[in-house]
Amino acid sequence: MRDLKKKNKLVEAAGDVYGKTLMLLPLDVCSDESVKQCINNVKDRHIDILINNAGVGLLGPVESISIEEMKRVFETNFFGVVRMIKEVMPDMKKRRSGHIVVMSSVMGLQGVVFNDVYTASKFAMEGFCESMAVQLMKFNIRLSMIEPGPVHTEFETKMMEDVAKMEYPGVDADTVRYFKDVYLPSSIDIFEAMGQTPEDIAKCTKKVIESSSPRFRNLTNSLYTPIVALKYADETGGLSVNTFYNLLFNFGPLMHITMSILKCLTCSCLRRRTI
């Protein structure tokens, strides 16, 4: 954890295993020194499974986002992952064993409007890991991507509330209106209809790390498979871009109705079959 003062909820959930099979160490993935010190404090630096879970979001019209804010997103979402992999990879190579799991996103496969910078950080990570996976196989090291869609967390809820209230100086009125009056309501519909819980993602991750032949890519929500498939169905990219444009700007009311129906289909009693 970056701040061990915030460990209480985790320690409470861990119960008796804390101090036995669970150990907490300070770690800031944005610091080379912190990453090295954390791994050095692990017995024999022996890491069997590394799960890269640290991440930050960024939402809004790109004209309103400073370059420094963009760099902070990449520092955590991309370079943070690279730092961790670089630190554990040499020891895994020596042992010829290990599994690296990276918490990516469906936005690492398909761009989403007004999520430009966050999406770019996930695309960068997907490209890095896709390249690394080939080399690591030669050393019997597996690399797996976990790719969730929307996930219901306090962080996401607060972010949505905050950006809806913000002013966006320097951004034209039409873009602000599209963001607040078109994108945000549609995004909320999608979260309510297709959103998963952190527990859903944890179960998927557990399944991946326990698999004898883990897959490289693991979409946690099968409802997103057709959306991702659009991108690969047309090499020009026009199909996916035009589809998302029409869904957002031309068929907004239809999309709202569709999401409402989908929400009913993915209620808790049917979730196991649907997702």
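UniProt positions are given in the numbering used here, feature names are shortened, and annotations may be inferred rather than shown by experiment. The model is predicted: local features need pLDDT of at least 70, side-chain atom pairs count only at pLDDT 80 or more, and totals for chains, interfaces and linings use all residues. Residues are numbered from 1 along each chain as its sequence is written, and side-chain values use heavy atoms, with hydrogens and water left out.

**Exercise 1.** Which residue does UniProt list for "active site", and is Tyr-118 buried or exposed?

*Solution.*
1. The unreviewed UniProt entry lists Tyr-118 under "active site".
2. Tyr-118 belongs to helix α4, residues 116-137 (helices: DSSP runs of H or I, at least four residues; strands: runs of E, at least two; both numbered from the N terminus).
3. Tyr-118 is buried because its relative accessibility is 17% (buried: under 20% relative accessible area; exposed: over 50%; partly exposed in between; 1.4 Å probe, protein chains only).
4. Beyond neighbours within four places in sequence, contacts of Tyr-118 include Val-56, Val-73 and Met-107 (contact: heavy atoms within 4.5 Å).

**Exercise 2.** Where is Thr-76 found, and what is Thr-76 in contact with?

*Solution.*
1. Thr-76 sits in helix α3, residues 67-95.
2. With a relative accessible area of 11%, Thr-76 is buried.
3. Leaving aside neighbours within four places in sequence, Thr-76 contacts Val-29, Cys-30, Ala-54, Gly-55, Val-56 and Val-81.

**Exercise 3.** Which strands pair with β3?

*Solution.*
1. Strand β2 (residues 98-103) runs parallel to β3, joined by 6 bridges (pairing: at least two DSSP bridges between two strands); Gly-98 has Ile-141 as its bridge partner in β3.
2. Strand β4 (residues 217-219) also pairs with β3 in the parallel sense, over 3 bridges.
3. In β3 (residues 141-147), 6 of 7 residues are buried.
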